[in-house]
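Here is a briefing on a two-chain model, to be read beside its sequence and coordinates.

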Amino acid sequence: MTTLGWLVLGLPFAAAVVGFLLPQTATRSAQVLTVSATGVATVLSIIVATGAPVAGKPGVTLAPFGTLTVHAGLRLDGLATIVAVAVCVVALLVQFYSIAYLAGDDAYPRYAAQVSLFTAAMLDVVLAADLIQLLVGWEVMGICSYLLIGHYRDLPEARPAAVKAFLVTRVGDVGFLLGVLVLGVGIGSFDIGTVIAHAGSMPSGTLVTACLLLLLGVAGKSAQFPLHTWLPDAMAGPTPISALIHAATMVAAGIYVVARLYPVFRLHTVALAVLGVVAAITMLLGALAALGQDDLKRVLAWSTVSQIAYMSGALAVGAPVAATFHLLTHAAFKALLFLAAGCVLNATGEVLMSSMGGLRRRLPITFWTMTCGLAALVGLPPTSGFFSKDAVLGGAWEAARGHGGGPAWVGWLVGVAGLLTVGLTAAYATRLWLRTFFGPAHEPAAAHETGHAHGPGHVHGPWVVREPCWIMTVPLIVLAVPTVLLGFAGLRSSWLPARLDAPGVAVHPTLGIALVSLALSAGGIAWVVLAWRRAPGTDPVPALPVLTRAFYLDDVQDAVIVRPYRLLARIVSAADAGLVDGAVEGSGAGAGMLSRRLSRLQTGNVQFYATGVLAAAVLLAVAAVLL
Amino acid sequence: MILVGVLALPALGALLLALLPAHLDRSARWVGVAVTAATFLVSLALLDGRSSGAKGDWQHVDVRWVPAIDLRFHLGVDGISLPLVVLTTLLTLLCAIYTVHSLPAPGRAGTMLALVLVLEVGMVGTFLARDLLLFFVFFEVVLAPMYFLIAVWGGPQARHAATKFVLYTLLGSVLLLVGLLTVYAAAGTLDMVALAHAHGSGIARSTQGAAFLLLFAGLAVKSPLWPVHTWLPDAHTEAPTVGSVLLAGVLLKMGTYGLIRVALPIVPAGAERFAPLLAVLAVAGIGVGTLACFTQTDLKRLVAYSSVGHMGFVLLGISTLSEVGVQAALFGNIAHGVITSLLFFAVGGIKERFRTSEMAAIGGGLAKRLPRLGALLTLAAVASLGLPGLAGFWGEAFAVLAAYRPAASLDRTLYLTLAVLAAVGAALAAAYFLRMLRSVVAGPPPAAAQHAAAVPDASPVELLAWAPLALLGVVLGLYPALVLDLTKPAVALLVTALPG
């Protein structure tokens with residue numbers, strides 16, 4: 001089983017290595033290579049997930065640093081293998097979909113290799129038995145996201161967005177690295193099993209510090225406040241990449257790591273309480289910002305911020321199974337939503353909802369599958385989102401009543417924020433649905449500029465809005481299945497919960513919470529629908545700049561961090577050149593004058609060295625005589 | 001015998017090349033490749049005789065050489081020396097291969113390669129010497145060839161930069177020599193093995209302090225430690241590619257190697273006393289290097305300044321006086337040698353093509369214009385910013401870890417602060433490398449470039465010279481045990497000398 005596990009991880013990695021070495025013209029080979037490697041990895045991951053769990057035993061010695069040693073191994077338990085399946089499936093569909101979406105791209109092999117590396121890195125995070133090994137995958141994902149977000153070279157906003165994604169997550173990763181080091185040094189091992197087993201013996205102050213440091217990295221990767229700012233800008237990348245980043249990799253990694261190390265986080269409530277506060281803020285922030293966007297993909301991006309916060313909230317209130325459950329359902333419906341959005345962009349050449357409308361007849365498959373995805377996002381029964389969101393809110397309610405193991409106020413906070421977010425989610429999802437698919441159709445402009453910003457480099461001329469080819473629609477249909485049905489997997493404790501190493505915990509809806517959240521959804525939907533019916537085709541939600549600009553947090557970040565850093569860099573650089581080197585050059589000039597006087601007889605540049613060697617020789621001789 | 005061979009081969013090669021008539025330019029280049037390739041293969045044979053877990057030297061030579069000044073020809077190889085020696089012979093080989101493709105004005109391959117081979121003798125000798133005076137002699141041998149490499153084959157300001165380099169390092173050498181002689185005066189022997197074995201016993205604590213300070217000052221210039229680093233950006237900016245590669249790849253390591261091999265085990269009490277000073281300056285170097293890089297406009301200068309930051313991590317590791325710290329430092333040495341050499345090769349290739357290393361003048365879009373060169377530069381930059389999974393990560397992350405848990409006798413609060421600062425510095429290295437990639441590699445090519453004559457992408461010879469480094473950057477990143485297994489026993493032996 002361990003061998004199969006290594007293959008799941010190794011195949012996408014090998015495909016990436018080969019893909020990087022292919023010439024950029026070898027598009028077809030790259031497609032065959034990466035799709036088949038990811039496909040085989042998917043099959044193997046399913047075999048591994050259905051097999052018996054393998055407790056991670058220390059594998060290969062990777063880095064013997066003396067008192068501490070880093071190993072590489074696999075931890076193939078239920079949580080890891082189930083999430084690995086989700087990663088593989090989404091990655092496979094993304095690779096497949098990209099064949100059509102990026103048809104004609106002039107750097108396809110590189111793109112496909114980067115997607116493969118991204119997949120391998122996420123699988124490493126998921127399957128790693130060692131924290132440093134996990135960190136490798138964690139950060140390789142960062143660089144892959146940088147490369148992929150910047151894929152469209154001619155798109156001006158792509159470069160800053162790519163840099164921002166890497167730097168913001170990297171700021172968080174300082175914390176993550178330090179957290180891993182504190183845990184590793186405190187316990188004397190980086191092995192996840194050992195860390196979980198012995199974390200209780202660490203001094204509580206050190207342990208809380210380690211957990212908080214780890215959470216900094218989690219906030220960066222999973223786009224939680226205040227390190228969420230990179231995710232909406234990351235929309236500059238190709239749409240399949242958004243699906244990959246938002247559904248199965250990258251943003252899921254932070255949640256996964258907390259779930260993985262949950263026994264450590266559970267030891268002290270401080271870190272989880274902090275996570276709860278962050279989750280509550282992020283949920284509302286993301287949902288409100290989503291309400292103010294005109295760019296279809298940015299609505300979805302902000303919804304990811306908000307939905308990931310549900311998972312953080314579930315972790316904070318002591319419901320890790322609910323968190324993982326929502327992670328899985330979200331992986332399905334968010335991948336579906338982004339790929340469907342890609343179909344819309346591909347068909348219309350537009351990214352702004354104000355330029356869309358009336359698409360439901362022209363793009364029927366996209367319309368119906370996206371409707372499923374939005375229903376799951378809102379949490380309408382019987383879609384998967386209904387069950388998993390209910391599980392999160394149920395966990396918060398349990399915590400609020402004092403059964404969660406943590407402080408009750410965290411339960412209240414997450415629960416109330418979660419319910420409010422339900423209403424907001426319903427509102428922005430309905431707004432997206434109506435503005436894209438209903439109302440008067442916008443006749444596409446006769447001649448688009450060379451391609452369009454966010455889609456594939458596209459043809460000129462009259463635009464015909466029609467459903468994209470089957471390569472792009474089949475993944476939508478495939479994803480619609482778990483989007484609708486995955487929720488039922490939690491109903492029996494022997495089904496999904498048992499696979500998540502939580503025997504005896506069935507995840508089924510509770511009537512009270514279901515009713516309240518359905519009422520709130522209905523309210524959100526009704527508000528938008530009523531406004532829409534008053535003036536069809538116009539934005540049903542008043543455009544507030546504070547929402548569109550997402551509470552101006554980008555400007556705050558710019559003023560508080562980016563600009564001061566630039567200034568500091570300029571000052572230090574000038575000081576180093578002016579003062580430190582100035583002193584050297586000054587004394588050099590003085591000495592030079594002296595040496596010119598001393599060495600009138602000599603010519604040429606050799607003099608300096610000759611003088612030096614002579615001086616050294618004299619010193620040696622003198623020393624030899626004296627000593 | 002292998003120990004002597006690894007020095008004799010390049011020495012004889014240098015002699016041969018120096019005597020070769022100037023018109024045999026092509027043959028000179030191939031002779032250079034042959035000699036350096038042979039030396040590289042012989043250096044691999046230094047592994048012979050190593051039993052796994054060998055702590056001390058597994059090969060050694062010890063003969064009287066210049067009795068008048070008690071100089072012995074005493075060489076040895078252990079797990080600390082070997083990786084550096086192999087790095088040196090490999091980089092020299094790659095430089096020779098690169099010279100087949102490209103040689104800056106005024107040409108004269110024979111002379112230049114002879115200088116490179118003399119340089120190799122000095123570098124390898126420094127890592128193998130087991131006698132303090134011999135160590136010093138080899139340490140000094142590198143100065144002359146490097147001076148000429150920069151001054152003759154360098155850029156427009158090369159004279160000034162080369163002079164600054166020589167005078168600055170010579171100043172350090174004087175201090176180093178006085179430090180070595182202080183040790184000799186106190187302990188009565190120059191035998192490094194015996195001195196290390198004695199753990200400083202027989203040398204008064206105050207003498208150890210003075211000796212350490214002198215050795216430290218001398219070696220710090222070479223490493224370079226902030227604030228005695230300013231010769232480095234100038235030298236790198238002006239040096240030819242081969243000079244930059246050997247300077248960054250190996251010469252800087254002679255300073256940190258000296259600290260580990262000489263200063264720590266021979267005067268441990270002094271090391272204990274001044275380690276916090278070293279640590280503070282090292283972290284200052286990380287900070288200054290990182291911040292200064294952010295404002296650089298010249299590619300070569302940027303890479304040079306980044307070295308100040310990276311070597312700061314190596315020095316921080318040493319300053320923790322712990323097994324993890326020294327392991328991290330030794331690994332950091334090798335990783336920096338591999339990655340920064342690749343960076344200088346790539347940047348040199350760019351400079352050769354565009355006749356400038358100013359980022360604004362090069363313009364963006366290298367990934368499109370020169371995909372292979374752009375990809376190599378990207379890989380090198382990503383490795384250099386310390387991405388886990390590539391070689392740059394391990395040395396830096398574990399230097400931070402070592403600072404979090406330094407030797408027991410050191411001040412934990414101070415080191416904890418330094419660990420946090422260093423970790424932040426490591427992350428911010430990403431900022432300037434991404435800024436560089438953004439302005440040079442990414443984006444559309446400048447409009448002017450579409451009309452200009454096509455610039456050729458990396459040639460097969462260049463790829464042959466560069467690919468081994470790219471490969472090593474990945475392999476050492478995925479499997480650092482390759483080096484760490486070698487260094488571990490030797491470091492375990494070394495740290496027994498250290499307090500705490």
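Predicted model: local features only at pLDDT ≥ 70, side-chain atom pairs only at ≥ 80, totals over all residues.

Residues are numbered from 1 along each chain as its sequence is written, with chains lettered from A and ligands numbered from 1 in the order in which they are written.

**Confidence**

- The predictor assigns the complex an ipTM of 0.90 and a pTM of 0.90.
- The pLDDT (the predictor's confidence in each residue, from 0 to 100) averages 85 in chain A, where 89% of the residues score at least 70.
- For chain B the mean pLDDT is 90, and 99% of its residues reach 70 or more.
- Within chain A, helix 4 has the highest mean confidence, at 94, and helix 24 the lowest, at 53.

**Make-up of chain A**

- Chain A holds 24 helices and two strands; these are DSSP runs numbered from the N terminus, helices being H or I with at least four residues and strands E with at least two.
- Of the 627 residues in chain A, 58% are buried. A buried residue has 20 or more other C-beta atoms within 10 Å of its own, an exposed one 12 or fewer, and a partly exposed one a count in between, with C-beta atoms placed from the backbone.
- Among the contacts in chain A with a separation of 6 or more, 79% join residues 24 or more positions apart.

**Interface**

- Contacts link 49 residues of chain A with 62 residues of chain B.
- On the chain A side, at least two residues each come from strand 1 (60–64), helix 5 (131–149), helix 6 (158–187), helix 23 (553–598) and helix 24 (606–626).
- Helix 6 of chain A gives the most to this side, with twelve residues.

**Nonpolar core**

- The largest nonpolar core has 454 residues, and Val90(A), Ala335(A) and Ala422(B) touch the most other members. Such a core is a set of buried Ala, Val, Leu, Ile, Met, Phe, Trp, Tyr and Cys residues joined through C-beta atoms within 7 Å.
- Leaving aside residues up to four places away in sequence, Ala335(A) touches Val90(A), Leu93(A), Ala243(A), Ala247(A), Ala248(A) and Leu479(A).

- Helix 2 (residues 27–50) of chain A has 24 residues and should span 34 Å at 1.5 Å a residue, which agrees with the 35 Å between its end C-alpha atoms; the expected span is 1.5 Å times one less than the number of residues.
- The buried residues of helix 2 of chain A, including Leu33(A), Leu44(A) and Val48(A), pack against helix 1 (2–21), helix 3 (78–101) and helix 4 (108–127) of chain A.
- In helix 13 of chain B, 21 of its 21 residues are buried.

**Strand pair in chain A**

- Strand 1 and strand 2 of chain A pair in the antiparallel sense over four bridges, where pairing requires at least two DSSP bridges.
- Pro64(A) stands opposite Thr69(A) in strand 2 of chain A.
- Four residues lie between the strands of this hairpin, in which Gly66(A) has a positive phi near 95°.
- From strand 2 (residues 69–72) of chain A, Thr69(A) and His71(A) point one way and Val70(A) and Ala72(A) the other way, and all are buried.

Notes
Contact = placed C-beta atoms within 7 Å.
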